[in-house]
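Hello,

Here is the structure I promised to pass on. My notes follow below it.

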Amino acid sequence: MRDPIDISLSGSCPLSSTPFLDPRLEMALSNMKIKQLFPVQAAVWHETIGPGSFERDICINSPTGSGKTLAYALPIVQMLSTRTIKCLRALVVLPTRDLAVQVKEVFAALAPAVGLSVGLAVGQSSIADEISELIKKPSLGTGVCYDSEDSCQEIRSSVDILVATPGRLMDHINNTKGFTVEHLCYLVVDETDRLLREAYQSWLPTVLQLAYSSNYSRFSFEDNTSPSTFGSLKTIRSFGVERGFKGKPYPRLAKMVLSATLTQDPSKLAQLDLHHPLFLTTGKWRYQFPENLKSLKMVCNSKLKPLYLLALLETLQGEKCIVFTSSIVSTHRLCTLLNFFGDLQIKIKEYSRLQRQSVRSKTLKAFRAGEVQVLISSDAMTRGMDVEGVKNVINYDMPQYIKTYIHRAGRTARAGQSGRCFTLLRKDEVIRFKKLLQKAGNESCPEYSVPSESVESFRSMYSTALERLKESIKSEKKHKKTKANIKHRGIAKKNEKSG
Ligand SMILES: Nc1ncnc2c1ncn2[C@@H]1O[C@H](COP(=O)(O)OP(=O)(O)OP(=O)(O)O)[C@@H](O)[C@H]1O
């Protein structure tokens, strides 16, 4: 970790010059319109498939939108492409459902090209549907019945790679018959710093313990399955040739951990039990902005903030835009308020944890399709979400931490594209904001101003919109209270009956 590799020195690598790249995967990448590997992808390829041959676990700190997903998906799919027996060998864990769905799509675009399959465990479908997608019961001859209690009959994984959120992963580990992580060869913890902050039923120690506790033997990595020798399928791990492990069997579960703001705190990273971690990072700053991101500030009167926002949205002329607020309550209120202005020519929707997942997914789909131009969001959106064509990010409320700024701003200026991040500030926030950006080496944040006539033009509707917002909040509170009362009465009745 003390001797990091600078990713920016790697440069991009055309697919045709990528060493050892399986031609089937080259074709799949071309179908994804990918012509070259981005620097982080080339650097990870070099350390996994190339001369580095994945002898050390890999920690990646690389800016938002730099292509970290493909950086791990491509080598994992290539490394698993020689496997002949299906079982769960790669696990990718992400903090949110939407993010997991997005990552699964990347794997799904590559894996079938080499005969591998990918599963998703996020609670998107019912647990029964998810189980039938992940687990294959033995195919039996005519007249033979499957006995669910007979452990001799092999229940196998239907997937080679699983993308999961911690909660659903733990549900399967604890309750799904036949689901096992004991054959895992690769573990990816994406958005590591976020996942390490939240323990989620101790998913990490559980996965590590289960993966380490399988029967190890001294066989090579290449031929790592042998059902005939071991009856039920056992994974045989590589024995280590690494520093400190020469000649000794070493149960190596190869790990990749990554984030745009990866923690370097040894006590936090220790939870991952990394093996001689190799640190890949970009440039000299711990926090790095995407190359083509422009940061701008707008100083405004806090009472008129919604009007400044409307004027700014007007100047952006319907370009896709994400507006971040400080909480789910402000997200809801701001979105409701803006929609009371009417006649805006743009569609504005809310996207926050306050909503049900199905509503969120629908909104996201409409935003991706361009049917919604502006998303008002809480920080649920900040991490990892990749929506094509987002040209602008607006911090309606100033973020408190540089990490938050990085993840919010990083929804634009992705994959080398340009983008702008506007931050609306009160006068008393200007100095604090300057200091915040300096933490990522940013010394210049020019002021952006909107035409004052534009701000004024919304003023006449402002008081009516505020009145309507008040009414709306009141009726929502009333509705919530009624719902709670009904629920309470229902429970009381039930207790009465059972009593
Ligand atoms: N080699 C490539 N060529 C062209 N586009 C690419 C390439 N690699 C990735 N992309 C595109 O770049 C975008 C960003 O990729 P990705 O989501 O993996 O970034 P990230 O580094 O994980 O960002 P974040 O830190 O925000 O999660 C995606 O739209 C992806 O399709």
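First, a term: a crossing of two helices is left-handed if the near helix is turned anticlockwise from the far one by less than a right angle, and right-handed if clockwise. Helices (H or I, at least four residues) and strands (E, at least two) are DSSP runs, numbered from the N terminus.

This is a predicted model: local features need pLDDT of at least 70, side-chain atom pairs count only at pLDDT 80 or more, and totals for chains, interfaces and linings use all residues. Residues are numbered from 1 along each chain as its sequence is written.

Helix pair. Helix 3 passes helix 4 in a right-handed crossing. Their axes come within 10 Å and cross at roughly 40° (lines fitted to C-alpha atoms over the stretch in contact; angles run from 0 to 180 degrees between N-to-C directions). From helix 3, T69, L70, A73, L74 and V77 meet V103, V106, F107 and L110 of helix 4 (C-beta atoms, placed from the backbone, within 7 Å). By class, that contact has eight nonpolar, one polar and no charged residues.

Ligand. The ligand is surrounded by 19 residues (C-beta atom, placed from the backbone, within 6 Å of it). G67, K68, T69, G384 and A415 are the closest. Strand 3 (36–37) and helix 3 (68–80) each give two or more residues to this shell. Helix 3 gives the most, with three.

Record. An unreviewed UniProt entry annotates residues 308–456 as "domain: Helicase C-terminal". That stretch is 36% helix and 15% strand, with its end C-alpha atoms 9 Å apart.

Best wishes

Note on methods. UniProt positions are given in the numbering used here, feature names are shortened, and annotations may be inferred rather than shown by experiment. Two residues are in contact if their C-beta atoms, placed from the backbone, lie within 7 Å. Ala, Val, Leu, Ile, Met, Phe, Trp, Tyr, Cys and Pro count as nonpolar, Asp, Glu, Lys and Arg as charged, and the others, Gly among them, as polar.
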